[in-house]
Amino acid sequence: MTTFTGWITHELPDGHRAALEELDDGVLDDRDTTLRVHYSSVNYKDALALQGRPGVIRRHPLVPGIDVTGEVLTSRNHRWRPGDLVTLNGAGLGEDRHGGLAGLAAVDGEDLVPVPDPFTPAQAAAVGTAGFTAALSLLALERHGPAPGHGPVLVTGAGGGVGSIAVALLARAGYEVIAATGRPELLHERLTALGAARVVDRAELDTKGRPLAKQRWAGVVDAVGGPLLAGALAGLRHSGTATTCGLAASAEFPGNVLPFILRGVSLIGIDSVRTPRERREAAWQLLAHHLDPALLDSVTRTIPLAAVQEAAADMLAGRGTGRVVVDVRAH
Ligand SMILES: NC(=O)c1ccc[n+]([C@@H]2O[C@H](COP(=O)([O-])OP(=O)(O)OC[C@H]3O[C@@H](n4cnc5c(N)ncnc54)[C@H](OP(=O)(O)O)[C@@H]3O)[C@@H](O)[C@H]2O)c1
């Protein structure tokens, strides 16, 4: 029996709570590959799960953590050997399968991606689901347009995890990036350093319910939903594309069909959890090609396993910025 430290949820009559405990390998699922976890991260979903909010965890007890980066200990999958450094985002981790916020993880080898050059394992964790989702959003823009040079792309929630990495990724890929944030003064310098051509106050996107506004953006990468997404769509140019992945503001979509039927715009949904392997690999290749590790470091902080609750509370209160990596070996 091997013991390790990890977060685990317990069901309560009115919800659940997460506790840091000593666990043993009997708790793990029966999967073909066992990892020594080096790093996980705090994503919005992790923050909800850790803070006892509903909607993410689908069984108890469950190890939270939708990202895992570590070293293969044993594998029955022909792709992996002991010592290989691998990473995995989503695929049910931290939702209906035990996740990454513990010293050991059992996963399906089929889902794993090697930690790609030029990233270290800590940087792969800094990318995490947030960066992986930013990359899936860029892949969608590459498929549907606009191409770089064909007009500005608006990124909402630019100060957050998905937003920060989307700004850096799109800028390096050649897009003119307009970063929308609720904290323009605080984050102006940081977002400009990531590659934003312009930083706008998200209040500017509020069209007060008007379905059409001045055509400003050729593309949109949205992680917040709600009126901001509706406002971004109202300002999308004819034939433009928006991607939607998140609900940091709201799960509601108070939108209107006019941008679709009068301007031929498209809205593409992004789901990072159930992404087939080829697409996972394509997203990670894009990240390896376009995401500068030094820029990634500039928006990342690393915390020990015991400090995740504070980071989760900050994130849900809208005080978080960039990415939070969890060093699972440091308690
Ligand atoms: N579909 C998927 O597969 C997928 C994958 C990853 C994430 N997500 C979702 O994407 C969203 C963002 O995730 P994240 O990890 O980037 O979270 P995050 O780091 O907390 O960033 C969210 C950002 O949204 C902005 N925001 C927060 N509250 C807002 C409000 N009331 N109105 C407008 N903007 C607000 C803030 O940016 P500013 O302060 O700069 O405005 C905040 O930093 C979450 O809903 C998450 O669940 C979905």
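Predicted model: local features only at pLDDT ≥ 70, side-chain atom pairs only at ≥ 80, totals over all residues.
## Exercises on aromatic rings and the ligand shell

**Exercise 1.** Determine which residues form the aromatic pair and how their rings are arranged.

*Solution.* Step 1: A pair of aromatic rings is described by the distance of the centres and the angle of the planes.
Step 1: The partners are Phe-119 and Trp-284, with 6.3 Å centre to centre and 75° between the planes.
Step 2: Planes over 60 degrees apart count as edge-to-face, and the pair of Phe-119 and Trp-284 is edge-to-face.

**Exercise 2.** Locate Phe-119 and Trp-284 in the chain, and decide whether Phe-119 is buried or exposed.

*Solution.* Step 1: Phe-119 belongs to the loop between strand E7 (113-114) and H2, while Trp-284 is part of helix H7 (residues 277-290).
Step 1: The two are 165 residues apart, so the pair links distant parts of the chain.
Step 2: Buried means under 20% relative accessible area; Phe-119, at 6%, is therefore buried, and Trp-284, at 2%, is buried as well.

**Exercise 3.** Describe the surroundings of the ligand and its contacts with the backbone.

*Solution.* Step 1: The ligand is surrounded by 25 residues, and the closest include Val-162 and Ser-272.
Step 1: By class, this shell has 12 nonpolar, 10 polar and three charged residues.
Step 2: Helix H2 (121-144) and helix H3 (161-172) each contribute at least two residues to the shell.
Step 3: Of the 920 Å² of accessible area that the ligand has on its own, the protein covers 87%.

Methods: Residues numbered from 1 in each chain as written. Heavy atoms only, no water. Near = heavy atom within 4 Å. Areas by Shrake-Rupley, 256 points an atom, 1.4 Å probe, with all protein chains shown as cover. Helix = DSSP H or I, 4+ residues; strand = E, 2+ residues; numbered from the N terminus. Nonpolar A, V, L, I, M, F, W, Y, C, P; charged D, E, K, R; others polar. Phe/Tyr/Trp six-rings, centres within 6.5 Å; stacked < 30°, edge-to-face > 60°. Buried < 20%, exposed > 50% of the residue type's maximum accessible area, 1.4 Å probe, protein only.
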